[in-house]
Amino acid sequence: MAGIKRFITYIYAYENGTKGINAGFAKVEIRGNECRIEVHLRGTPIRMGMDQVYLFKVEGGQMLAFPMGEMRMIKGSGDYGTIIKADQIGGSEYSFAEMDGMVFAGEEGAIAMTRWTEGKPFAVKTENIRLWEPQRFDVGGTENQKENEKNENIAERATAERVNAKKVTAKKTENPADKNGENAAEELHATEMPMRNIFPKFVWVDTWERFKNTYPYFTLPEDKNVECVRIELKDLRELPRKYWYLGNNSFLLHGFFNYRYLVLGKLEEDKWFIGVPGIYQQQERVMAAIFGFPEFMTTDHINQFGYWYHTLDE
């Protein structure tokens, strides 16, 4: 029938990157812009809990993964079905025609995968899964956004003025006897500093002080050198613009909607981080690492509660 494409692809379990037993199959049907996917897994190493389902595109030897949902696994078996738009996978600019396969990630690094395109082999491991994320989330042109842009422009101008002032000072202090200007050039070179070396630190120190004075402040019970403030999802807009994309991070959103808060923290030596509250569990560890929160700091050893965190560049 015209306009319809169907195929079946077989899924295999992987252990330490090595292909193992057949673990099931997936049926795909594309009708116009509607893509129906049906998955059946049996006897996989993914024994219990929720199995994360992704479509993926091979990119740079990694699986660029697009989250499709979760499949409940019982004794290594599970079933899953979904209907998606074929021309816009997971809200991205990629279409189903650009996908290379599906991957399923479970507890303790258990993984299963199917690939329906040909190409160079790659390591089928959880650490080789890289989640697709949009560049930033929509802040809707709010007053906060305008104020942030205004503050950033003021900071940029102030920094530029400081650099220009140093240049003027260097010219005034040059030796008049140096007719060829060589010494002046050397002195001027010593005072010049790339904007990226000045502006980020200035913004971070200023931003951190503002957060400390505005939001609930606390230190970790076992390490008083780790300072934190409790923030909400909307407060990510107060961070430098390059971190706004975190508002679309699935792991961060999951933690926020469970606990209703996030953490902005400061480590020693002026290193900042975003923390997602949660319980330390093996499956959570795998998912946290996939979504860019590989580290965990414990605040309650009895209940294994703490924060999965992602460090921010200065």
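**Close-up views of a predicted model**

Of the contacts with a separation of 6 or more in the protein, 60% join residues 24 or more positions apart; contact means heavy atoms within 4.5 Å. This is a predicted model, where local features need pLDDT of at least 70, side-chain atom pairs count only at pLDDT 80 or more, and totals for chains, interfaces and linings use all residues. Numbering starts from 1 along each chain as its sequence is written, and side-chain values use heavy atoms, with hydrogens and water left out.

**View 1. The whole protein has five helices and 15 strands.** Both are DSSP runs numbered from the N terminus: helices are H or I with at least four residues, strands E with at least two. Buried residues make up 43% of the 314 residues. Buried means under 20% relative accessible area, exposed over 50%, and partly exposed in between (1.4 Å probe, protein chains only). The protein exposes about 17300 Å². Carbon and sulfur atoms supply 49% of that area. Areas follow the Shrake-Rupley method with a 1.4 Å probe; for residues, only the protein chains shown count as cover.

**View 2. Strand 15 (residues 305-312) is mostly covered.** Seven of its eight residues are buried. Strand 15 pairs with strand 13 (residues 271-279) in the antiparallel sense over eight bridges. With strand 14, the antiparallel pairing runs over five bridges. Two strands pair if DSSP finds at least two bridges between them. Tyrosine 307 in strand 15 stands opposite proline 277 and opposite methionine 297. Four residues lie between the strands in the hairpin of strand 14 and strand 15, where glutamine 304 takes a positive phi near 60°.

**View 3. Phe251, Tyr280, Phe291, Phe293, Phe296 and Trp308 form one aromatic cluster.** The structure holds 18 aromatic pairs. Rings of Phe, Tyr and Trp (its six-membered ring) pair if their centres lie within 6.5 Å; planes under 30 degrees apart count as stacked, over 60 as edge-to-face and the rest as tilted. Phenylalanine 96 and tryptophan 116 make a stacked pair, 5.5 Å centre to centre with 25° between the planes. Phenylalanine 96 lies in the loop between strand 6 (78-85) and strand 7 (101-105), and tryptophan 116 in the loop between strand 8 (111-115) and strand 9 (129-131), so the pair ties together parts 20 residues apart in sequence. Phenylalanine 96 is buried at 5% relative accessible area; tryptophan 116 is partly exposed at 24%. The ring centres of phenylalanine 251 and phenylalanine 293 are 5.8 Å apart and the planes meet at 35°, so this pair is tilted. Both phenylalanine 251 and phenylalanine 293 are buried.

**View 4. Two charged side chains sit over tyrosine rings.** The charged end of lysine 19 is 4.1 Å from the ring centre of tyrosine 12. Arginine 230 lies over the face of tyrosine 261, 3.8 Å from the ring centre. A charge sits over a ring if NZ of Lys or CZ of Arg is within 6 Å of the ring centre and within 35 degrees of the ring normal.
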